[in-house]
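Biologist: I am new to this structure and would like to learn how to read its features. Could we go through them one at a time?

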Amino acid sequence: MDSLSLIAQARQHHTLTEEQLLQLLKDPHIDQALFNAADAVREAYVGNAVHLRALIEFTNICRNNCSYCGLQAQNATVKRYRMTEEQIYPLAQKAALWGYKTVVLQGGEDPFFTAERLVPLLRRIKALDLAITLSLGERPFEDYKAFKQAGADRYLLRIETTDRPLYEKYNPGMSFDNRLRCLDDLKRLGYEVGTGILVGLPGQTEDSLAKDLLFFKRFQPDMIGLGPFIPCPNTPLAHAPRPLLRPALKVMALTRLLLPDINIPATTAMEALQQDGRLQALQSGANVVMPNVTEGEERQNYALYPGKAAAAQAPQNLRLTLEQKLHAIGRHIGTGYGGHKQKDISVKF
Ligand code: SAH
């Protein structure tokens with residue numbers, strides 16, 4: 001079948017085979033048609049609201065050595081920080097004041113933050129009437145359970161790549177099976193689960209991206225976050241070729257065709273790579289933006305990749321600027337918690 005017919009079919013039925021995905025990933029002439037189809041599916045299933053999540057990067061200390069990540073343990077050039085509860089909580093308070101309905105607490109895999117230390121903070125944040133998303137990496141089942149009981153609603157854990165040899169190469173000392181175990185645990189515990197990948201890792205083929213997309217379809221996540229891999233200085237992949245935005249946008253648009261009603265963020269890495277990359281993403285299937293509300297020196301030091309901190313604006317002005325940009329493309333800021341299928345998030349505990 002020709003590529004345009006494949007897109008038309010996927011727009012109706014939300015299925016594509018591995019061969020068909022491969023054909024669309026490889027075809028350079030249908031990108032705009034693909035983006036338009038994903039945009040139409042987004043509008044039909046999740047509407048014109050863009051849900052905002054306030055991102056708080058509360059620790060850049062990490063025990064892992066992911067080759068792509070600027071915060072990897074062996075990067076001695078990073079100025080490490082770990083916020084205290086008395087730093088984190090006021091950021092969540094401000095987010096609530098500015099009208100955000102969700103906070104995302106993200107960090108490296110920092111052993112200091114045991115469940116015992118995090119649970120009281122989660123309870124306090126929950127009392128602010130916020131949905132809580134966590135993104136703290138791999139943890140035992142018991143920790144995920146304790147976070148959930150303390151009020152966490154959602155969890156983000158990208159599989160990064162489903163290409164096992166590639167995963168093992170770029171995540172030394174980590175286990176692909178354990179990452180899958182974590183994703184299953186999170187699902188079983190009733191979290192809204194977000195996963196996703198990096199697009200443009202050296203050695204990653206279209207074949208492997210097609211398999212990633214089929215994994216998304218099988219796993220049935222509530223959210224998929226993906227973005228271009230951006231080479232980061234002082235990491236093993238520092239000198240990898242700088243990728244383009246387009247392949248990541250294509251994978252994102254295909255994700256929307258396959259999983260029409262999930263949440264898909266226009267990621268910061270897209271904006272870091274190209275000015276207005278996030279707006280392009282919002283017109284190619286995305287319906288979520290995660291503004292960074294981390295302040296001060298910490299914000300500069302959470303450098304997963306270059307250009308990240310600069311891509312975002314001062315937290316106070318951010319919402320207004322974004323609102324104007326969204327209006328210009330016929331969209332508006334969502335007023336609710338913005339969960340998958342409006343799943344009822346209980347904010348009382
Ligand atoms: N420690 C948490 C959070 C990781 S940071 C965890 O393991 O889930 C969030 C995401 O940033 C990662 O999942 C990864 O996909 C992305 N990331 C890391 N380095 C990057 C880079 N150089 N370019 C683009 N994205 C990157």
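Biologist: Where is the place of Gln220?
Modeller: Helices (H or I, at least four residues) and strands (E, at least two) are DSSP runs, numbered from the N terminus. Gln220 sits in the loop between helix H9 (206–219) and strand S8 (223–224). Its phi is positive, about 55°, although Gln220 is not a glycine.
Biologist: What should I know about the source of the model?
Modeller: This is a predicted model, in which local features need pLDDT of at least 70 and side-chain atom pairs count only at pLDDT 80 or more, while totals for chains, interfaces and linings use all residues. Residues are numbered from 1 along each chain as its sequence is written, and side-chain values use heavy atoms, with hydrogens and water left out.

Biologist: Does Gln220 count as buried, partly exposed or exposed?
Modeller: Buried means under 20% relative accessible area, exposed over 50%, and partly exposed in between (1.4 Å probe, protein chains only). Gln220 is at 45% relative accessibility, so it counts as partly exposed.

Biologist: Which loop holds Glu160?
Modeller: Glu160 is in the loop between strand S5 (154–156) and helix H7 (164–170). Its phi is near 70°, again a positive value in a residue other than glycine. Glu160 has a relative accessible area of 11% and is buried.

Biologist: How do I read strand pairing?
Modeller: Two strands pair if DSSP finds at least two bridges between them. An open sheet of 3 strands has the order S10-S1-S11, with parallel pairing. Strands S10 (288–289) and S11 (332–333) are at the edges with a single partner strand each, so one side of each has no neighbour in the sheet. Strand S1 (residues 49–52) pairs with S11 over 2 bridges, and Val50 stands opposite Ile333.

Biologist: How many bridges join S2 to S3?
Modeller: Strand S2 (residues 54–59) is joined to strand S3 (residues 102–107) by 5 bridges, and the two run parallel. Ile56 has Leu105 in S3 as its bridge partner. In S2, 6 of the 6 residues are buried, so the strand is largely enclosed by the rest of the structure.

Biologist: What do S2, helix H4 and S3 make?
Modeller: A crossover is right-handed if, with the strands pointing away from the viewer, the path from the first strand over the helix to the second runs clockwise. S2, helix H4 (residues 85–97) and S3 make a right-handed β-α-β unit.

Biologist: Which residues is Gln106 in contact with?
Modeller: Contact means heavy atoms within 4.5 Å. Gln106 lies in strand S3 and is buried at 17% relative accessibility. Leaving aside neighbours within four places in sequence, its contacts include Ile56, Ser135 and Tyr302.

Biologist: Which residues touch the most other members of the largest nonpolar core?
Modeller: A nonpolar core is a set of buried Ala, Val, Leu, Ile, Met, Phe, Trp, Tyr and Cys residues joined through side-chain atoms within 4.5 Å. Phe147 and Leu226 touch the most other members of the largest one, which has 107 residues. Helix H10 (residues 245–258) gives the most to this core, with 9 residues. A second, separate core of 6 residues includes Val104 and Met223.

Biologist: How many helices and strands does the protein chain have?
Modeller: The protein chain has 15 helices and 11 strands. Buried residues make up 58% of its 349 residues.
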